[in-house]
Protein chains: 4
Amino acid sequence: MAGRNFLFVPGPTNIPDRVLRSMAVQSEDHRSPVFSQLTFDCIQGLKDIFKTTTGTPIIFPSSGTGCWEAALTNCLNPGDTVLASRFGQFSHLWIDMCQRLGFNVEAVDCEWGTGVPLERYAEILAADKGHKIKAVLATQNETATGVNSDIAGVRKALDACGHPALLFVDSVSALASVDFRMDEWGVDVCVSGSQKGLMLPAGLGITCVSEKALEARKTAKAPRCYFDYLDMVNANKTGYFPYTPSLPLLYGLREAIATLKEEGLENVFARHAYLGGATRAAVQQGWKLDVCAKAPKWYSNTVSAVVVPEGFNGADVIARAFRRYNLALGAGLSKVAGKVFRIGHIGDMNECMLLGAIAGAEAAMLDVGIKVEPGSGVAAASNFLRDPDQVPAHMAQWIAGRNAA
Amino acid sequence: MAGRNFLFVPGPTNIPDRVLRSMAVQSEDHRSPVFSQLTFDCIQGLKDIFKTTTGTPIIFPSSGTGCWEAALTNCLNPGDTVLASRFGQFSHLWIDMCQRLGFNVEAVDCEWGTGVPLERYAEILAADKGHKIKAVLATQNETATGVNSDIAGVRKALDACGHPALLFVDSVSALASVDFRMDEWGVDVCVSGSQKGLMLPAGLGITCVSEKALEARKTAKAPRCYFDYLDMVNANKTGYFPYTPSLPLLYGLREAIATLKEEGLENVFARHAYLGGATRAAVQQGWKLDVCAKAPKWYSNTVSAVVVPEGFNGADVIARAFRRYNLALGAGLSKVAGKVFRIGHIGDMNECMLLGAIAGAEAAMLDVGIKVEPGSGVAAASNFLRDPDQVPAHMAQWIAGRNAA
Amino acid sequence: MAGRNFLFVPGPTNIPDRVLRSMAVQSEDHRSPVFSQLTFDCIQGLKDIFKTTTGTPIIFPSSGTGCWEAALTNCLNPGDTVLASRFGQFSHLWIDMCQRLGFNVEAVDCEWGTGVPLERYAEILAADKGHKIKAVLATQNETATGVNSDIAGVRKALDACGHPALLFVDSVSALASVDFRMDEWGVDVCVSGSQKGLMLPAGLGITCVSEKALEARKTAKAPRCYFDYLDMVNANKTGYFPYTPSLPLLYGLREAIATLKEEGLENVFARHAYLGGATRAAVQQGWKLDVCAKAPKWYSNTVSAVVVPEGFNGADVIARAFRRYNLALGAGLSKVAGKVFRIGHIGDMNECMLLGAIAGAEAAMLDVGIKVEPGSGVAAASNFLRDPDQVPAHMAQWIAGRNAA
Amino acid sequence: MAGRNFLFVPGPTNIPDRVLRSMAVQSEDHRSPVFSQLTFDCIQGLKDIFKTTTGTPIIFPSSGTGCWEAALTNCLNPGDTVLASRFGQFSHLWIDMCQRLGFNVEAVDCEWGTGVPLERYAEILAADKGHKIKAVLATQNETATGVNSDIAGVRKALDACGHPALLFVDSVSALASVDFRMDEWGVDVCVSGSQKGLMLPAGLGITCVSEKALEARKTAKAPRCYFDYLDMVNANKTGYFPYTPSLPLLYGLREAIATLKEEGLENVFARHAYLGGATRAAVQQGWKLDVCAKAPKWYSNTVSAVVVPEGFNGADVIARAFRRYNLALGAGLSKVAGKVFRIGHIGDMNECMLLGAIAGAEAAMLDVGIKVEPGSGVAAASNFLRDPDQVPAHMAQWIAGRNAA
């Protein structure tokens with residue numbers, strides 16, 4: 001059927017045309033003397049994205065899931081205990097992986113719609129006088145519920161009691177869209193992937209490891225080979241990889257980072273806040289519905305989970321949106337299956353795209369019988385977007401520049 | 001700035017991804033024994049698009065404008081008289097070309113917002129007993145005002161008085177989006193281009209000539225060489241071109257035709273009627289504004305010219321839409337400069353794209369002070385699009401198929 | 001510098017233009033109802049490539065190395081013993097991985113230039129009455145030395161003594177270029193990747209597992225999660241993946257398989273034999289040099305390692321070829337470092353490409369002082385290629401077809 | 001059939017990957033406020049390519065042939081006399097166009113294999129005291145015979161007798177590959193196209209006109225519209241076009257010019273001389289055959305026409321090369337049909353590409369029975385290419401840089 005697919009799942013995200021073009025590359029010798037520059041450019045660019053000077057970015061040919069595994073197997077010994085919290089499908093899956101790989105998880109179950117429980121973490125860590133807990137896991141942005149967590153707060157909880165555990169953060173659906181600060185927050189391993197804020201296809205597991213994590217690796221005895229940090233770190237030093245890297249994705253990564261830097265990383269965050277705000281305006285003020293996140297502090301600027309009214313199934317909205325309007329929304333998973341549909345507002349996005357998606361989601365809801373006021377979502381979002389107080393400074397400047405041109 | 005450009009000028013139009021991919025071709029020998037198949041496929045495909053079995057499609061490396069010139073110089077003698085009507089910038093420019101090339105134009109000036117004046121044509125032709133008029137020009141879709149004309153009616157006017165003049169039709173912004181019937185309507189030259197309903201970049205002038213036109217060419221003495229039909233017709237017979245053709249555009253043309261055929265040509269027309277109807281619903285019922293076309297019979301299903309209220313300048317809306325929302329609308333040209341802005345709803349388009357553009361145009365109008373009700377355009381368009389009586393049968397079927405999957 | 005890079009490393013290989021085009025895709029929802037067809041197409045296509053009806057192809061977002069790891073961790077228990085042989089860098093690295101992951105390796109060291117030692121394998125297996133050996137590893141094509149091994153022979157050795165060990169085959173640089181028969185040879189895990197005979201960028205680990213291997217997985221206790229077969233097998237059943245797959249690579253895989261099938265898999269093998277033969281003709285008859293493979297039975301049809309004369313360094317030839325002629329040759333690795341340079345003749349390749357590379361390699365040799373007769377390599381290769389007895393039947397047919405056109 | 005097509009016709013030429021990528025663009029509004037920069041970049045870039053500060057480059061959506069027509073119809077009056085010489089198919093076709101468009105041609109017929117007859121031109125111009133000759137036509141590089149002409153010499157002939165005729169030069173297969181100097185040589189119209197030295201697909205007629213030519217246009221009465229310089233010049237001034245331009249080709253043009261400038265225009269010429277020299281070495285020293293050009297001063301550095309021995313048909317070589325080896329060579333046209341085949345060595349080319357083509361052409365000749373020594377062509381070309389005296393300085397520098405890296 002004619003026309004463009006509207007991709008509003010919270011990943012994979014829309015690929016900018018210039019990034020798509022950059023990936024249309026023939027193969028080349030990944031051990032040639034000229035190849036190393038590409039590696040260096042990617043690694044250096046990622047340092048800026050992770051906001052680190054002392055950390056080491058590593059690019060695995062894998063999905064982000066692979067980087068979860070790498071964090072565990074590189075830094076821990078079999079049977080080690082980790083502290084984790086579960087408040088959505090992705091925080092759950094990381095816990096599940098820990099258990100499958102033979103680690104012991106102290107799991108804090110939280111209401112879905114909330115995030116990392118800072119007070120519980122603080123209590124548990126303070127109580128762990130023997131430092132049995134070797135790593136603390138935190139999901140910065142729970143993609144399943146549209147919940148953002150306070151990573152700086154986790155660091156504070158660790159520091160408050162002088163706990164030496166490593167801090168592992170899943171920033172898969174946050175990095176390069178909302179702020180992440182490797183060094184300032186004392187993160188030891190940050191886990192991410194190419195297909196979210198980095199606006200690429202899936203295929204690159206993107207992680208960053210602290211000096212402390214690399215030090216822990218030296219004695220960690222969990223079996224590992226493909227995901228061993230050291231092979232990567234050693235090969236990357238001279239600009240190469242231990243096994244054949246995916247060249248189109250590396251070229252795309254360099255271009256995507258350049259794109260982000262041209263906009264300015266802080267500006268990218270501001271734009272996500274602006275579009276996230278408009279989405280919530282549509283949901284809450286326009287449609288008179290709730291998002292899954294229980295309080296403003298949990299609101300995610302990359303994905304909003306819209307709670308459908310009692311008696312309706314979110315899956316019907318999603319099916320209708322996709323089949324009727326070529327609009328891809330995200331499903332409710334596990335505990336919130338059927339209860340929500342998700343609008344991803346992450347990555348390469350602007351006002352008209354979002355307004356088209358809001359109009360489409362509204363049409364799908366009306367089609368399945370949900371009584372929302374036609375046009376109300378777009379009206380609320382548009383009012384938000386046209387509010388000069390909401391427009392990010394760099395966008396206002398850019399518009400002014402175009403006006404002057 | 002992030003996000004996709006919303007292209008809603010009435011050409012060039014959005015290129016489907018599969019067509020874009022098909023054009024990413026290396027050069028090749030255009031005189032090789034395997035090349036001719038591509039030519040044959042394009043020519044045969046165009047016959048179906050033009051709805052002709054006796055006509056001959058010709059593909060010039062040019063814009064559509066070149067095909068205007070080809071029609072005149074191949075079929076006419078210097079100083080010949082043509083009958084034409086002017087009701088917008090593009091019907092005007094064709095007349096202007098006739099005069100610059102030394103032909104004599106009997107020009108009927110009509111109100112902008114109306115189309116080919118069938119009754120006046122009938123009178124003039126009937127009065128032309130000496131058959132001084134050698135060709136009748138008709139612009140099927142005046143892109144500047146969003147006006148559709150009745151080409152079958154022009155044929156009737158010619159036949160009614162047995163006038164032998166050739167019938168030249170500009171279908172640049174109609175072909176492959178609204179119905180065109182070369183044979184049934186007795187058109188002698190149809191002029192079009194690649195960048196509208198054929199969903200390609202500009203660069204191919206696409207025309208179709210009747211046997212009568214080719215016969216006229218034999219004695220026509222207007223100087224011509226680059227645009228000589230015969231060089232093309234002769235070379236095309238064996239699958240080649242008299243000079244190097246633009247290969248990416250030919251590959252794109254083949255793929256675009258395949259795309260149109262997969263949807264079904266009549267279905268493509270139905271989809272344009274559906275999206276055109278939704279656009280007019282937004283303008284008239286939502287925003288309470290007028291389109292430039294004076295009556296439903298003139299409504300174009302490929303472009304709508306929206307009349308801005310007194311005291312406002314359409315150019316300001318366009319500038320705001322582009323600079324603020326990355327939404328490209330069409331300008332008012334010549335007589336309607338400042339009075340209208342145009343929304344192109346032609347080519348590869350669907351509901352969410354259109355709703356996003358309507359929301360964007362509305363936002364731009366609000367920004368420049370035009371008092372439209374926020375959300376009203378999308379509400380009216382969405383109500384139209386969700387009306388089962390409006391949904392084209394093939395789309396309903398397609399949706400049903402996806403529901404079953 | 002102007003002109004095309006000549007890529008003659010044995011992977012990554014040249015990507016056909018049609019495959020490159022197929023990968024230029026926007027992102028889409030990998031959980032949509034229409035996505036599953038792509039998965040099914042890839043899995044079914046791979047069954048034909050692996051020549052299996054009972055095996056299960058699995059596509060990991062990883063390099064081929066990841067599939068080595070998957071074979072070990074899915075089918076073995078910690079401390080299990082595997083039988084392996086080392087005769088080049090890649091057979092070495094797999095052994096190394098076994099050891100790093102905590103398995104016990106009975107390693108047979110062979111002269112580099114030979115392949116899997118069938119008689120030694122037979123002796124060792126026959127002697128292993130207690131069936132301590134749980135898996136037998138065999139590298140079908142040792143990329144480092146250009147050596148092909150007899151996998152059917154390994155199966156015979158196992159069967160001869162009724163040994164129940166699993167058979168793991170590394171077919172990274174063989175699959176889809178030289179014959180591989182999963183079912184007939186009783187292979188339990190075949191390991192490959194996207195960037196060799198499948199003519200894609202790196203990024204997909206492509207493996208195929210037998211029912212016996214999946215059965216072994218049920219009780220195997222090696223820790224695994226990312227590379228767990230079951231997650232993949234279960235998700236693939238309905239057409240999905242446990243984590244976000246790399247869409248461009250899947251689209252490319254489908255197109256690459258279609259490309260191979262259009263040529264015919266057996267024909268692809270014949271073409272590789274033909275081009276491999278021409279390469280050896282250049283080396284042996286033209287340049288009067290040796291290949292690393294010690295005897296015709298070891299000759300690889302995907303890569304030839306050329307032994308440079310005493311007193312010269314293969315690395316100098318490679319450096320010269322790349323820096324001076326933009327020709328990428330493969331380096332000698334480990335034991336054969338400096339002693340050889342490698343010409344990959346794998347994947348999307350034809351006569352002119354190969355002749356250009358042979359001419360370039362010859363020029364590079366002359367430049368560094370190796371006394372080969374100018375033109376001798378091309379003359380010998382060309383004589384071979386023009387010999388009607390050497391031309392594969394399908395190519396002869398194709399030429400005849402073009403002659404008739 | 002597998003592998004890359006070897007494109008060695010003298011146009012269209014190989015498109016560099018980066019240029020191919022640059023053309024994969026969506027459509028956009030060609031009247032937007034941001035579009036004009038692209039136009040300015042292309043026009044300014046072309047000024048450097050044409051070596052002009054006072055001339056005006058114009059880019060027509062057409063083939064180069066269209067620019068032949070534009071030169072005639074913009075600058076001449078019906079019936080005007082032009083001086084031209086015929087020594088190949090393309091110089092012939094331009095003369096033919098003059099006649100078809102109603103101009104009077106004083107045509108000097110020369111032996112094919114020679115070029116513009118400077119002495120005859122001088123005599124004729126000197127004899128034309130009445131200045132009946134309004135324009136002098138010169139084909140800088142006759143693509144059909146591989147003959148280069150001395151354009152500075154034509155200017156001298158005009159100046160010697162103070163003749164005021166305009167100087168029109170066809171540089172289609174020379175511009176951006178061999179030196180062209182608009183201002184220094186006093187050229188009034190230079191005609192070229194996108195698909196040769198500019199390394200793009202066909203589709204852009206690229207021309208440059210002097211102030212004198214634009215002045216002549218003011219009074220010239222030949223009918224014209226599509227190709228009217230003034231419409232273009234006026235629209236271009238503000239960065240726009242009178243009708244929709246082909247966006248991918250404009251983006252490609254900007255990138256191609258950037259590519260040429262990065263290598264350096266003089267360096268590009270040196271590289272063409274180097275590759276042309278190698279080709280002639282293969283033909284003359286290797287194969288012991290002649291090129292069509294009768295003397296070194298006529299040798300073209302963009303295309304060599306190889307004269308096949310008596311009793312053989314060049315068309316057979318070409319057919320064999322294409323059908324058997326996927327190598328596209330150029331045919332002999334008109335007077336030299338069957339007598340030659342042509343090797344284009346123009347555009348984006350390097351040593352391995354050329355050596356592969358020479359090897360392929362040699363194989364094709366052997367296949368049809370021409371007795372050349374196998375390997376002799378590559379040996380001679382390779383010896384030439386490896387001769388340090390032949391390597392262009394910038395390539396030597398580039399190699400040194402890579403060696404140092």
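This report describes how chains of a predicted model are related, how they touch, and how parts of them pack.

## Basis of the description

Residues are numbered from 1 along each chain as its sequence is written, while chains are lettered from A and ligands numbered from 1 in the order in which they are written. Because the model is predicted, local features need pLDDT of at least 70 and side-chain atom pairs count only at pLDDT 80 or more, whereas totals for chains, interfaces and linings use all residues.

## Chains B and D

Chain D is superposed on chain B, with an RMSD of 0.0 Å, by a rotation of 180° with 0.0 Å of shift along its axis, which is the relation of a two-fold axis. Such superpositions are made by least squares on the C-alpha atoms of residues with pLDDT of at least 70 in both copies. Within chain D, the residue that comes closest to the rotation axis is D:Ser62, with its C-alpha at 2.4 Å.

Between these two chains, 45 residues of chain D are in contact with 45 residues of chain B, where contact means that C-beta atoms, placed from the backbone, lie within 7 Å. On the side of chain D that touches chain B, helix 3 (64-75), helix 4 (89-100), helix 9 (247-263) and strand 13 (327-331) each supply at least two residues; helices (H or I, at least four residues) and strands (E, at least two) are DSSP runs, numbered from the N terminus. That side of chain D divides into 23 nonpolar, 17 polar and 5 charged residues, with Ala, Val, Leu, Ile, Met, Phe, Trp, Tyr, Cys and Pro counted as nonpolar, Asp, Glu, Lys and Arg as charged, and the others, Gly among them, as polar.

## Chains A and C

Chain C can be laid on chain A by a turn of 180° and a shift of 0.0 Å along the axis, with an RMSD of 0.0 Å. Of the residues of chain C, C:Ser62 comes closest to that rotation axis, at 2.4 Å for its C-alpha. The copies meet through the same surface, because 100% of the interface residues of chain C are also interface residues in chain A.

## Two helices of chain C

The axes of helix 9 (residues 247-263) and helix 10 (residues 265-286) of chain C come within 6 Å and cross at roughly 80°; axes are lines fitted to C-alpha atoms, for helices over the stretch in contact, and angles run from 0 to 180 degrees between N-to-C directions. The two helices of chain C are therefore roughly perpendicular to each other, a term that covers angles of 65 to 115 degrees. In this contact, C:Leu260, C:Lys261 and C:Glu263 of helix 9 meet C:Leu265, C:Asn267 and C:Val268 of helix 10.

Key:
Parallel < 35°, antiparallel > 145°, perpendicular 65-115°, else oblique.
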